[in-house]
Amino acid sequence: MNEQQSKEVLERFQAGTDSPQENQQVRYWLHHLHEDQPSDLSETFLRDTHDEMWSFILLQTQPTTTVKTTRLPLRIVLAAASVVAILGICIYFFTKEPSDNRFANNILPGTDKATLILSNGDKISLNEAKNGVLALQSTMKVIKSEGGEIIYTSRPDPAPYTNGARNQESETKNVNTMITPRGGQYKLSLPDGTKVWLNAASTLTYPVSFAGRKERRIELKGEAYFEVVKDKMHPFLVQSKTQVVKVLGTHFNISSYPDDASTQTTLVEGSVLVNMVALKPGQQAVNSGSLIKVRSVDPDGVIAWKNGEFSFRNEPLERIMKQLSRWYDVDVVYQNQQAGSQLFGGTISKYKDISKVLRMLELTGDVKFKMEGRKVFVQ
């Protein structure tokens, strides 16, 4: 198949008018773009061909005085030429904008935005607030750093501050709440120095100060990643839905959205107790409310959202679309309910426009998408 014929096949694949044979051919090509994509090529052949091809290429890029004339077998030359040509065409087709109008009203990714509700009820839009001191609370001051992070530091001097800081000497409840909307995320450091990354459509409630408390207890609705400061005398507790996670100092992720059937707690480092069930690094507790199941997972895939990526590894489409719905602030409509149970995989930056993420999903499974306004139709 020459370059022009390959382009025509890819055009039909994008438009959804390809034949079953052409569809299989495109997925065969995609094996070279996504190593998890199944194909009829044996791993031995791929590995040997890869090694021979790159050995040849590296030899040709050495200084002239060190180049050794090497002639590759014809099958390797043809394989190299074919793979390079097809990969070039695939990369072109799958990174350019779609030729159809299904994604005409493309939607941009979410950003760092949240609302901070102080203990007296005042609300601060963090994405609009200027850097500096935002509020004075008891012995603490609330600061927005140069990087946009919210930080709580001790306030030894009660002298007034500038930048519109709000003095709250008469506060009674002594708790603050951070809320991220759909299409938003935010990072903060709690009064004890614990770092929290709050995902989209989430709420975190916590004390203004942990001083004088036997435990550091906070409440989460939604998803967050925690790097907890060690303090053996004051355990760190996270209340979410039907569970309490208890730690002394560790790194872990909790996903506990109201519309999810279960709460998932994933341990990255250290140790935690989920309703008294112990986890080891690389384990995830799936809490349905009546039962907790522990399974082994890849923590890097679970916390990919915190590092700026979507990483789907044999996940049901329904769960994937919930993540996209929260991050891109869109509604999902299924024209075939069975589509939600299909398993998909792939990794892509979550700062790509939604059309690129949807097109990646189309390449890894039997599904098509169409957008109208802020609705994504699953076909």
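**Entry 1. Ser-290 and its loop**

I looked up Ser-290 and found it in the loop between strand 19 and strand 20 (292–296); strands here are DSSP E runs of at least two residues, helices are H or I runs of at least four, and both are numbered from the N terminus. The model is predicted, and I read local features at pLDDT of at least 70 and side-chain atom pairs at pLDDT 80 or more, while totals for chains, interfaces and linings use all residues. Residues are numbered from 1 along each chain as its sequence is written, and side-chain values use heavy atoms, with hydrogens and water left out.

Is Ser-290 buried or exposed? Ser-290 is exposed, at a relative accessible area of 74%; I apply under 20% for buried, over 50% for exposed and partly exposed in between, with a 1.4 Å probe and protein chains only. I also checked Ser-262, which is 28 residues from Ser-290 along the chain; the two C-alpha atoms are separated by 9.8 Å.

**Entry 2. Asn-287**

Asn-287 belongs to strand 19 (residues 283–287). I found Asn-287 to be buried, with 3% relative accessibility. Its side chain makes a polar contact with the side chain of Gln-243 at 3.2 Å. For this term I require a pair of N or O atoms within 3.5 Å; within protein, one must be able to donate a hydrogen and the other to accept it, and residues adjacent in sequence count only if both atoms are side-chain atoms.

I then listed the contacts (heavy atoms within 4.5 Å). Neighbours within four places in sequence aside, Asn-287 is in contact with Thr-242, Gln-243, Ala-261, Ser-262, Thr-263, Asn-275 and Ile-292.

Why do I describe strand 9 as largely enclosed by the rest of the structure? In strand 9 (residues 184–189), 5 of the 6 residues are buried, so the strand is largely enclosed.

I next recorded its pairings, where two strands pair if DSSP finds at least two bridges between them. Strand 1 (residues 111–112) runs parallel to strand 9 and is joined to it by 2 bridges; Thr-111 has Gly-184 as its bridge partner. Strand 6 also pairs with strand 9 in the parallel sense, over 2 bridges, and Ile-150 has Leu-188 as its bridge partner. Strand 10 (residues 195–198) runs antiparallel to strand 9, with 4 bridges joining them. Here Lys-187 stands opposite Trp-197 of strand 10. The hairpin of strand 9 and strand 10 has 5 residues between the strands, and Gly-193 takes a positive phi near 95° in it.

**Entry 3. Charges over tryptophan rings**

I looked for charges over rings, taking NZ of Lys or CZ of Arg within 6 Å of the ring centre and within 35 degrees of the ring normal. At Trp-197, the charged end of Lys-306 sits over the ring, 4.7 Å from its centre. At Trp-327, Lys-350 lies over the face at 4.1 Å from the ring centre.

**Entry 4. Aromatic pairs**

How many aromatic pairs does a search of the whole structure find? I recorded 7. The search uses rings of Phe, Tyr and Trp (its six-membered ring) with centres within 6.5 Å; planes under 30 degrees apart count as stacked, over 60 as edge-to-face and the rest as tilted.

The rings of Tyr-152 and Tyr-206 have centres 5.6 Å apart and planes at 85°, so I class the pair as edge-to-face. Tyr-152 is in strand 6 (residues 150–154) and Tyr-206 in strand 11 (residues 202–207), so the pair ties together parts 54 residues apart in sequence. Tyr-152 is buried at 4% relative accessibility, and Tyr-206 is buried at 0%. I also noted a cluster in which ring pairs link Phe-226, Phe-236 and Phe-252.

In helix 6 (residues 317–328) I looked up Gln-323, which is partly exposed at 24% relative accessibility. Gln-323 and Asn-199 are 124 residues apart in sequence, with 9.9 Å between their C-alpha atoms. Apart from neighbours within four places in sequence, Gln-323 is in contact with Phe-310, Phe-312 and Glu-315.

Helix 7 (residues 354–364) has 9 of its 11 residues buried, so it is largely enclosed by the rest of the structure. The buried residues include Arg-359 and Glu-362.

**Entry 5. Whole chain**

Of its 379 residues, 44% are buried.
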